[in-house]
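Please keep the sequence and the three-dimensional view at hand while reading.

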Amino acid sequence: MMVMPSLARFALLAAALLVSPISPLLLVLVPLALMLVALRPDDLLAILTGLALLALAFLSGGPTRGTEWFAHRSWPLLLGSGFIVTTLVLRRATLFTRSLAAICAAGFAVAMVGLLRPTVVVGLDAWMTEQIGLAAVVLLQWTHTAAATPEVAESMGQAILRWAEIQQQIYPALLALASLPALAIGWYVLGRLTGRAEAPAPVREFRFSDHLVWVFAGGLALFVLGPGGALERAGANAAVFMTALYVVRGGAVMTWLVRAADASGWAWALLALTAILLYPVMLGAAFVFGIGDTWLDVRNRFRDAPRSTGSG
């Protein structure tokens, strides 16, 4: 009975990895290898496995060591290093907190490189922008061959170009979002390999510090009121990142409420169908539930309600 929920959680984590603008495999593999080497120093098998994975990650990709090779490995290396440091320092913190701290540490390292050697970061940004543009071209070519009518092809083409323009601006936020499930999967695999596995928590229990609402507010303010350039882009990425987290938190609250109501299988099926057919509405509702939960703390209020009633 416990297998299916675990499979569902890992399916969600794997699906979240697909938003990564770099190789999802390396995004999991490199941090996992670093965890095996650094967090299990007394386990020779873990160290050898980690070194083998690192060799596989860094020796693959052909003989050339250009921008593409570097781009796919630099962030996972920084991310994994940051996760190890935060795990050693914040021993009592949750996996999400440690992962978020690792993302911040890796982002800070990139910012420092940008200050010391701007051409490196500018070159990586140009490469990523070019890759997104090339992917859009491939999709456009496929659209023109697969669409039923020229009108449909034109409409789809405009949507693809618009999304490519947006993605070129917010790919750092997408990379940060993909880093969260990458670290979660790596941490679980680390536990499995060393006999200390921790299954991911149920999605309905997902939450994070309420103070992060200020990150969303600050990012939104920079995007709307910023002077443009790097600050405006940083604000946009912070807002997108936090919006996605609040959508997931809102979905967790909605799922918790449906489960608490002891809904039937038909109710779950109707909810899933509604989410598919009216996904813009459902995403908006999930965001409202998520950011509202910062102040309302819906799940704990409902948990406490029976005890409060009984004592009164």
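The side chains of arginine 207 and aspartate 297 meet in a salt bridge, with N and O 3.3 Å apart; the term denotes a side-chain nitrogen of Lys or Arg within 4 Å of a carboxyl oxygen of Asp or Glu. Arginine 207 lies in the loop between H7 and helix H8 (213-225), and aspartate 297 in the loop between helix H11 (279-296) and helix H12 (298-311), so the pair ties together parts that are 90 residues apart in sequence. Helices (H or I, at least four residues) are DSSP runs, numbered from the N terminus. This is a predicted model, in which local features need pLDDT of at least 70 and side-chain atom pairs count only at pLDDT 80 or more, while totals for chains, interfaces and linings use all residues. Residues are numbered from 1 along each chain as its sequence is written, and side-chain values use heavy atoms, with hydrogens and water left out.

The structure holds six salt bridges. Another of them joins arginine 299 and aspartate 293, whose side chains meet with N and O 3.2 Å apart. Arginine 299 and aspartate 293 are both buried. These two residues belong to a network of salt bridges that links Asp210, Arg249, Asp293 and Arg299.

A further salt bridge is found within a single helix. Glutamate 165 pairs with arginine 162, the closest N and O atoms being 3.4 Å apart. Both residues lie in helix H7, three residues apart, which is about one turn of the helix. An α-helix has 3.6 residues a turn, so residues three or four places apart point the same way. Glutamate 165 counts as partly exposed because its relative accessibility is 45%.

Which residues touch the most other members of the largest nonpolar core? Of its 59 residues, these are Leu27, Trp75, Phe96, Phe208, Phe241, Met242 and Leu245. Helix H7 (residues 150-194) gives the most to this core, with 15 residues. A nonpolar core is a set of buried Ala, Val, Leu, Ile, Met, Phe, Trp, Tyr and Cys residues joined through side-chain atoms within 4.5 Å. Methionine 242, not counting residues up to four places away in sequence, touches Phe208, Leu212, Val215 and Phe216, where contact means heavy atoms within 4.5 Å.

Alanine 106 has its place in helix H5 (residues 95-116). Alanine 106 is buried because its relative accessible area is 1%. Leaving aside residues up to four places away in sequence, alanine 106 touches Trp75, Leu78 and Leu79.

Helix H9 (residues 229-260) has 32 residues and reaches 46 Å from its first C-alpha to its last. This is close to the 46 Å expected at 1.5 Å a residue, the expected span being 1.5 Å times one less than the number of residues. Just after H9, aspartate 262 takes a positive phi of about 55 degrees.

At the surface, Leu273, Ile276, Leu277, Leu278 and Val281 form a nonpolar patch with about 520 Å² of accessible area together. Such a patch is made of residues with over 30% relative accessible area and no salt bridge, nonpolar side chains (Val, Leu, Ile, Met, Phe, Trp, Tyr) being joined within 5 Å; the areas come from the Shrake-Rupley method with a 1.4 Å probe. Helix H10 (residues 265-277) gives the most to the patch, with three residues. Leucine 277 lies in helix H10 and is exposed, because its relative accessible area is 60%.

Key
Buried means under 20% relative accessible area, exposed over 50%, partly exposed in between (1.4 Å probe, protein chains only). Helices (H or I, at least four residues) and strands (E, at least two) are DSSP runs, numbered from the N terminus. Patches are made of residues with over 30% relative accessible area and no salt bridge: like charges are joined within 9 Å, nonpolar side chains (Val, Leu, Ile, Met, Phe, Trp, Tyr) within 5 Å.
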